[in-house]
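These are my notebook entries on one structure. I set down what I looked up, in the order in which I looked.

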Amino acid sequence: MEISRRSFLKASGATLGGLFLFNGLDDKAIMARSLKKVPLQQKVTESTTICCYCSVGCGAIVSVYEDGIVKIEGDPDHPINEGALCPKGLAMSQIHQLDGKPNPYRLTKPLYRAPNSTEWEEKSWDWMLDTIASRAKATRDSTWVASAGRTDGLASFGGGELDNEECYLLSKMNRALGVVYLEHCARI
Ligand code: SF4
């Protein structure tokens, strides 16, 4: 019988699983969940994902129990990281929750700050996308350099979390718009 690295780790980790399952929860949350006496192996679901932080793109396994993440670990079968995660990747669950509760600082809706305003307003995605598109077009039209087929009025600033395919699309879109100031945070 062929045993993959992942299935070996799953089998050998089963006895220790209960101990580590609640890593990241506070004592009260662990106690409350333990008292329910539910067979955890039937309640915890695992999903694979890609770390959202940088373009290395490490693979991770997320264990979810009820409505909370109980553990995030490196995916041993992922060809890039082979089970390892750096501290940022290991802290990925904090995007979703802090101390076992939903992260109150997480933005879930688009926020808009008007020019010269200090206040943020909640807007719909439709409003946001229409506004960005119409302002980008107005800026492009008013700064278009016809002789060179370019605009000096727009710039694009990419981030390390963009993957290969996203970088390709972003670069294509900007070139099509005539953007020449196309940069990436890692170079700055
Ligand atoms: S932040 Fe760390 S864990 Fe996440 S993809 Fe980059 S190297 Fe991997």
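I began with the sheet, and found 3 strands forming an open sheet in the order E8-E9-E10, with mixed pairing. Strands here are DSSP runs (E, at least two residues), as helices are (H or I, at least four residues), both numbered from the N terminus; two strands pair if DSSP finds at least two bridges between them. The edges are strand E8 (144-145) and strand E10 (179-184), each of which pairs on one side only. I noted that the model is predicted: local features need pLDDT of at least 70 and side-chain atom pairs count only at pLDDT 80 or more, while totals for chains, interfaces and linings use all residues. Residues are numbered from 1 along each chain as its sequence is written.

I then looked up the pairing of strand E9 (residues 150-158) with E10: the two run parallel and are joined by 5 bridges. Serine 156 has leucine 182 in E10 as its bridge partner.

Next I recorded the helices on the sheet. Helix H6 (residues 125-143) packs on the sheet and touches E8 and E9, its direction making about 140 degrees with that of E9. Helix H7 (residues 164-177) also packs there, touching E9 and E10, at about 165 degrees to the direction of E9. Axes are lines fitted to C-alpha atoms, for helices over the stretch in contact, and angles run from 0 to 180 degrees between N-to-C directions.

The number of buried residues among its 14 is 0, so H7 lies largely in the open. A residue is buried if 20 or more other C-beta atoms, placed from the backbone, lie within 10 Å of its own, exposed if 12 or fewer, and partly exposed in between. Leucine 170 is in H7 and counts as partly exposed because it has 16 C-beta neighbours inside 10 Å. Not counting residues up to four places away in sequence, leucine 170 touches Ser156, Gly158 and Leu162; contact requires C-beta atoms, placed from the backbone, within 7 Å. Just after H7, I found glycine 178 with a positive phi of about 90 degrees.

Last, I turned to the loop between E9 and H7, where glycine 160 is found. Is glycine 160 buried or exposed? Glycine 160 is exposed, because 11 other C-beta atoms lie within 10 Å. Leaving aside neighbours within four places in sequence, its contacts are Cys54, Ser55, Cys185 and Ala186. Glycine 160 and histidine 184 are 24 residues apart in sequence, and their C-alpha atoms are 7.5 Å apart.

Note on methods. Contact = placed C-beta atoms within 7 Å.
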